[in-house]
Amino acid sequence: MFCVIYRSPQRDQTYLYVEKKDDFSRVPAELLRGFGKPQLAMLLPLDGSKKLVNADLEKVAQAIKEQGYYLQLPPPLESLLKMHLENSK
């Protein structure tokens, strides 16, 4: 199984994975509005031959099968206050 990965022009480090190129029919309209016009990033085989940095291949494949898409959001920012308090101990 392959998937197509699109980058959001409006949200940094946000990616949308779908099964077929330019087929957003199963992606909610509201999500697409917030995502912006998808920009093609890459094609990816979901057979485990390549790894993803911030997503689990099995979860991506399962989400695409079940809901028709997978949305990858950027990792949460570390709280600067939390980091400061931990370093000051």
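Predicted model: local features only at pLDDT ≥ 70, side-chain atom pairs only at ≥ 80, totals over all residues.
1. Let's start with the overall layout. The model has an open sheet built from four strands, and their order across it is 3-1-2-4, with antiparallel pairing. Strand 3 (39-45) and strand 4 are the edge strands, and each has a single partner strand, so one side of each has no neighbour in the sheet. Going from one strand to the next, the twist averages 25 degrees.

2. Strands in a sheet are joined by backbone hydrogen bonds, and the pairing can be parallel or antiparallel.

3. Now look at strand 1 (residues 2-7) beside strand 2 (residues 15-18). These two pair in the antiparallel sense, over four bridges. To find your place along them, pick out Val 4, which stands opposite Val 18 in strand 2.

4. Helix 2 (residues 57-67) lies across strand 1, strand 2, strand 3 and strand 4. Relative to strand 4, helix 2 runs at about 135 degrees.

5. Take a look at Gln 13 in the loop between strand 1 and strand 2. Its phi is near 60 degrees, which is a positive value in a residue other than glycine. Is Gln 13 exposed or only partly exposed? Its relative accessibility is 37%, between the 20% and 50% cut-offs, so Gln 13 counts as partly exposed.

6. You'll find Asp 22 in the loop between strand 2 and helix 1 (29-35). Asp 22 is not a glycine, but its phi is positive, at about 60 degrees. Why does Asp 22 count as exposed? Its relative accessibility is 53%, and the label applies over 50%, so Asp 22 qualifies.

How values were computed. Residues numbered from 1 in each chain as written. Heavy atoms only, no water. Pairing = 2+ DSSP bridges. Buried < 20%, exposed > 50% of the residue type's maximum accessible area, 1.4 Å probe, protein only. Axes fitted to C-alpha atoms, helices over the stretch in contact; angles between N-to-C directions. Contact = heavy atoms within 4.5 Å.
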